[in-house]
Amino acid sequence: MERMTAPILTRADVTLDKADIAWLMICSALVFLMVISISMVYSGLGSRLFAITLFKQPLLTGAMISFQWYLWGYALTFTPGNTWFGSLSTANGLQMSPSDVYSTNQGSSVTTSEGPSVQHLPELAFALFQGMFAAFTAALICAGTMQKMHSARYLLFVSVWSAVIYSPIARWSWYSEGWSHQLGSMDFAGGTPVHIASGAAVAAMSIFYFFESNGWQRAYLHLSSVTKKRINENLPWAAAMWVKSWLFNTSPWLPKYKQADIISGRDYEVYDVNQAIFGTGLLWFGWFGFNGGSALGANSRAVSACLATHVAACAGGTTTVFLHWVLKQIYMRSADYEPREFRRLTAVHFCDGAIAGLVAITPGSGYVPVSTSAIFGIVSSAIVYMLKPLTSEYLPDDELKVFLIHTVSGFIGMFLTGWFASQEVVESDGFSILTTASVSERLGNQMKDAFAGLGYSFSGTIIILMIGRSIMFAVKWMRSDETEKRAAKAWSQANIFKFGKDGSPAIQDRLRARERHTWEDDTIEGGIPLSTLDNDRGPSPRQWN
């Protein structure tokens with residue numbers, strides 16, 4: 001990127017296309033709409049006692065991260081420096097002039113030195129568009145707060161996460177000095193910085209609070225028992241043990257496992273299917289700006305990206321409904337068929353499949369032909385559907401399956417992008433060309449970028465949570481008042497507010513529990529005892545108010 005500070009109208013080498021500027025501004029608004037859509041999707045699919053929190057949290061997060069983006073986020077991500085961070089001495093988003101111009105080589109694997117032209121945009125427009133990406137990524141992580149984290153703590157956490165996790169990953173994927181950009185990876189609209197990174201963060205939060213709530217011994221026993229049980233039920237393993245026992249006349253060896261007595265979450269009903277469907281539709285609508293706007297201009301590449309996005313989402317949602325219907329027909333003929341498992345879930349599975357298709361096509365929408373985009377939706381939605389039971393066992397606190405839908409689909413999208421990337425699609429914007437690497441080299445570069453984003457986001461999130469927990473522990477014992485110490489101890493021991501006095505699920509909404517719960521007498525504000533809050537009914541809205 002080159003920053004030009006001379007007035008635009010006096011520079012003969014700078015040409016700004018008004019259509020490109022208008023398209024980028026419209027797409028920025030569409031990405032902001034996605035932040036609001038996430039509120040509806042999360043609150044609709046989550047627990048009804050946590051719906052208010054999930055509804056307001058993404059917008060609060062998006063506003064705070066957007067403000068932070070213009071203070072230092074943009075400078076850390078898109079200004080000269082090194083592979084990981086830019087220079088804070090460079091003007092931030094609030095100090096940029098309308099005359100500043102952003103000169104770009106579109107995409108992470110293209111070069112403009114041999115191309116026919118270089119594109120120019122007002123830097124304010126580019127900063128606005130990229131700021132919406134940062135806000136949306138932070139909003140995705142809000143799903144990890146369900147039954148885990150107080151609102152104020154989360155806002156502090158996501159502020160640090162955006163600066164030290166998101167900015168470096170976005171920089172190495174999209175900025176010219178980033179190692180992944182120089183390596184030749186292809187990530188058109190955020191497969192690694194947005195989806196893989198946010199899903200890995202939610203998985204880290206789920207594991208961290210699962211171990212903290214159940215204790216290291218019980219949590220480890222649960223994970224090991226799940227693994228051994230899966231080995232015993234694995235068909236190739238069972239067949240191999242049968243052959244061994246037949247040949248050597250010995251009993252087959254199966255790992256012994258003991259089911260861990262973990263504190264499990266409530267098997268809640270989906271709060272509002274209609275709200276989740278409407279939110280998915282808005283998210284789908286906003287994704288046209290998310291992917292189409294990444295072409296940074298009103299050109300043929302943006303058109304191809306929009307159509308590929310739509311086809312992948314359609315294929316993903318349709319595939320999931322078809323698989324769900326086939327599985328139901330099979331189960332109906334078995335003795336273990338339970339109608340409740342299939343009741344009112346078709347629409348929810350459709351939402352998951354459509355979003356999985358949208359996530360998968362994100363890194364490749366500006367690289368692959370529309371004719372191959374359906375493959376992204378079919379493969380990602382099918383894998384997400386099949387892996388749901390597995391992730392429920394290994395990540396029981398990731399109730400909304402963010403890791404599965406976003407990280408796994410992001411990996412699939414990155415891999416398929418390296419496989420199906422087309423020079424014809426890339427050069428359709430008029431100034432970009434595709435790298436000359438072979439397909440195997442492309443796939444290797446794609447996986448390097450994806451695994452680096454997964455590892456960095458997961459480990460960095462764990463470190464941030466551990467530092468935050470250490471600070472809370474230190475502050476707790478610095479308080480002199482015994483009542484305050486007792487309250488702080490209760491907050492620490494019951495960091496998941498679904499646990500009642502006897503250890504059974506009682507309160508689902510952490511924010512409401514934190515704001516309305518009185519630890520001294522174990523009652524909710526208004527004199528309602530915890531024992532009256534059973535797992536099925538919960539308090540009525542009037543009781544909360």
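Reader: What is the handedness of the crossing of α2 and α4?

Author: A crossing is left-handed if the near helix is turned anticlockwise from the far one by less than a right angle, and right-handed if clockwise. The crossing of α2 and α4 is right-handed. Helices here are DSSP runs (H or I, at least four residues), as strands are (E, at least two), numbered from the N terminus. The model is a predicted one, in which local features need pLDDT of at least 70 and side-chain atom pairs count only at pLDDT 80 or more, while totals for chains, interfaces and linings use all residues. Residues are numbered from 1 along each chain as its sequence is written, and side-chain values use heavy atoms, with hydrogens and water left out.

Reader: At roughly what angle do the axes of helix α2 and helix α4 cross?

Author: Axes are lines fitted to C-alpha atoms, for helices over the stretch in contact, and angles run from 0 to 180 degrees between N-to-C directions. Helix α2 (residues 51–78) and helix α4 (residues 151–174) have axes that come within 9 Å and cross at roughly 40 degrees. That makes α2 oblique to α4; angles under 35 degrees count as roughly parallel, over 145 as roughly antiparallel, 65 to 115 as roughly perpendicular and the rest as oblique.

Reader: How is the crossing of α3 and α4 to be read?

Author: The crossing of α3 and α4 is right-handed. The axes of helix α3 (residues 123–140) and α4 come within 10 Å and cross at roughly 130 degrees; α3 and α4 are therefore oblique to each other. The contact is made by Q130, F133, A134, T137 and A138 of α3, with Y154, V158, W161, Y166 and W174 on the α4 side. Eight of the residues in the contact of α3 with α4 are nonpolar, two are polar and none is charged.

Reader: How many disulfides does a search of the whole structure find?

Author: A disulfide is a covalent bond between the sulfur atoms of two cysteines. The search criterion is a pair of cysteine sulfur atoms within 2.5 Å, and zero disulfides are found. The cysteine sulfur nearest to that of C27 belongs to C306, 6.6 Å away, which is too far for a bond.

Reader: Are C27 and C306 buried or exposed?

Author: Buried means under 20% relative accessible area, exposed over 50%, partly exposed in between (1.4 Å probe, protein chains only). C27 is buried at 0%, and C306 is buried at 14%. Of the 545 residues of the protein chain, 54% count as buried.

Reader: Which residues does N445 contact, leaving aside its neighbours within four places in sequence?

Author: N445 lies in helix α15 (residues 439–478) and is buried, with a relative accessible area of 11%. With those neighbours left aside, N445 is in contact with L183, G184 and S185. The C-alpha atoms of N445 and M186 are separated by 8.2 Å, although these residues are 259 residues apart along the chain.

Key
Contact = heavy atoms within 4.5 Å. Nonpolar A, V, L, I, M, F, W, Y, C, P; charged D, E, K, R; others polar.
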